[in-house]
Amino acid sequence: MKFWSRYFIPTLKESPADAEIASHKLLVRAGLVRKLGGGLYTFLPMGLRAMQKVSKICREEMERSGAIELLMPHIHPAEFWADGPRWGPVREIMFRVDSAGDGKRGPREPEFVLGPTHEEVITPLIKSEITSYRDLPKCFFQIGTKFRNEIRPRFGLMRAREFVMMDGYSFDADDAGAVKSYMAMKDAYEAFFKRIGTQAIAVEADTGVMGGSFSHEFMVPAEVGDDDLFYNEESGYAANREKARSAIVPEGLADPAPLGPTEEFPTPGAVTIAALEAAPYSVPADKQFKTLVMIGDGKPFLMVLRGCDDLEEAKLGSLGFALVRQATPEEIEPVMGAKPGSLGTVKGTIKDRAALAGIFADNAIRLVGNGTTGANKDGVHIRNVNIARDLEISKFGDFRRVKAGEPDPIGGRPLQVRRGIEVGHIFKLGTKYSERIDAGYTDDKKERHLFVMGCYGIGISRTLQAVIEQSHDADGIIWPWAIAPFQVLICLLDPQDAEATLIAARLATAAEHAGADVLVDDRAERPGVKFKDADLIGVPLRITVGGRGIKEGIVEMKWRAAKEVVKIPLNDAEATIGQIIRDKA
RNA sequence: CGGGGUGUAGCUUAGCCUGGUAGAGCGCCUGGUUUGGGACCAGGAGGUCGUAGGUUCGAAUCCUAUCGCCCCGACCA
């Protein structure tokens, strides 16, 4: 039980100028956090209480799934990272630590780094400690601070430089075991998000820098999210933008019959899809071939899409290039023979075909018959272009960005789209990390195998903010019961009145015995101030004890999420409130 | 890192264009009146106007540099 007058809940009437989104404003206004610097936040008592509850539930669900908690150092010797598979892409976000502190030691390469994640630390550990199949499978996790020098910290705790994360790592003897571990984590995640009272959707995701064979992101739907998720509730399909597919190309689609021979026609100045759609050309975007020149590991390649489609760059990962970017106009002309706007892939029109690493095409262009594309001569296009007869494609694949309303790949139902906040991610890594340092075990036939790994993360501090983003109104936070810093607020309107104070104390004790965390607002403030603050800090259950009610022989009970006030007779208020709390927990 | 914005009291900000004693609201302190949805009156404390140069008789205001912060992009829990 805490008394507000002796506790520390610095609430603010106005939002800080640097907060943009509702949850960020409320974190500060409700006295949960204060900013130290960009992406660096102090957790004030209320924020810490909420976060500790999130951590506790996370820990319980991880342990229930069989995972084992440990704690690894935040400071890593740099050699654990140097030359590893992720050193290139990840080093930019790693904080470097100079142990001497005088700038003289290791100025070129850091001696230590602050851990952004722990694959590089746990894999060597397990390599030396687990050598037999008898000790597998194992799944470890920890909950602690992570450091990432984000290029652009954003939205308070949403993308911070220092944040609290649960990270887990599974080690299995074979692929089937790894899939089992992965599914166990998926279940644990779902249980966790359910318990903290938030809606999180598991979506298929791109593996990105982590590598690995497949992964799911857990997204909290919110307008301010940084990712789009495509889903259909009936079919159960859900994927993020990078990964989302749609069934717009029917199975066994026959190529349309050619109308006639290809034919060049002049299109002076028409260098965009839109320009060709307009008069006098009037070629619909979905009858155009769009040819993009990309550079993969220094070598140009072509990507052909429908005019109406956009390239999803994350999907280029399947082509096997380490680094992909768009080509510059200067790079394009010598290869293609024309400037962007008149490019195409009709056989024989590319100036320097040998320079290309490949000509790739999105499956959806198979919907285009008798289409139009650039002639690789400035100001000239070609019509009546048909894929099989006229184009040279080295590989088809799914490279386009899906659009809302397209049929989902499972049942063909329309895809819906929402913004979401990524709060958790699970990866089936395979042997990427174990292979690098030869981490493995011996099986019952004395044969050596590599560990098959998985890794798992939940952004604890980010989840806290995502919950607020999802659960608030114009007056403040509406905490889910399970993670509220306090579940019950005894709003003592007359702290100078002995009778009221006594009643408040009795109710607070009863609530506490029933299992709730109780805050008593005993401040010498006017009722209006107390009610406004109560709404702002979002305590789920408010009990108001005041002179007016006492005269009437009642106290008032109000749920933060509800409108109506319930009057409870004084004589059995303790029992009633205790029962309500026990029912809730 | 590219583009845009912004820095004035603990917080929110006006003043800047057109240079001339730095102003308000909230919060805080004192006294009084109030007391069921952010009270009122009176008095008070609190500011090297981000920092460093420059222009000028004179700079919060104009110029240059620099730093911090915020927003959009690529990346992530």
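The buried residues of helix α12 are covered by elements that include α1 (22–29), α2 (45–64), β27 (476–477), β28 (488–492), β29 (518–521) and β30 (541–545), where contact denotes heavy atoms within 4.5 Å. In this predicted model, local features need pLDDT of at least 70 and side-chain atom pairs count only at pLDDT 80 or more, while totals for chains, interfaces and linings use all residues. Residues are numbered from 1 along each chain as its sequence is written, chains are lettered from A and ligands numbered from 1 in the order in which they are written, and side-chain values use heavy atoms, with hydrogens and water left out. Helices (H or I, at least four residues) and strands (E, at least two) are DSSP runs numbered from the N terminus. Within α12, Lys530, Asp533, Ala534, Asp535, Leu536 and Ile537 are buried; buried means under 20% relative accessible area, exposed over 50%, and partly exposed in between (1.4 Å probe, protein chains only). The helix α12 is followed by Gly538, which has a positive phi near 75°.

Helix α12 also gives the most to the surface near RNA strand B, with 7 residues. Sugar or phosphate accounts for 44% of the atoms of RNA strand B within 4 Å of the protein, and bases for the rest.

Polar contacts are pairs of N or O atoms within 3.5 Å; within protein, one must be able to donate a hydrogen and the other to accept it, and residues adjacent in sequence count only if both atoms are side-chain atoms. A backbone N or O atom of Gly38 lies 2.9 Å from a phosphate oxygen of RNA strand B, and a side-chain N or O atom of Lys13 is 3.2 Å from a sugar or linking oxygen. The elements giving two or more residues to the surface near the strand are β9 (162–172), β22 (416–430), α12 (527–537) and α13 (547–552).

Asp228 lies in strand β12 (residues 227–232) and counts as buried because its relative accessibility is 11%. Its side chain makes polar contacts with the side chains of Arg241, at 2.7 Å, and Arg419, at 2.9 Å. Not counting residues up to four places away in sequence, Asp228 touches Ala239, Asn240, Arg241, Val417, Arg418 and Arg419.

Two cis peptide bonds are noted here. The bond from Leu136 to Pro137 has omega near -5°, and Pro137 lies in the loop between α4 (119–129) and β8 (138–147). The bond from Ala279 to Pro280 has omega near 5°, with Pro280 in the loop between α6 (273–277) and β15 (289–296). Phe155, in the loop between β8 and β9, has a positive phi of about 50° although it is not a glycine. Phe155 is partly exposed, with a relative accessible area of 23%.

Methods: A residue is near a molecule or strand if one of its heavy atoms lies within 4 Å of it.
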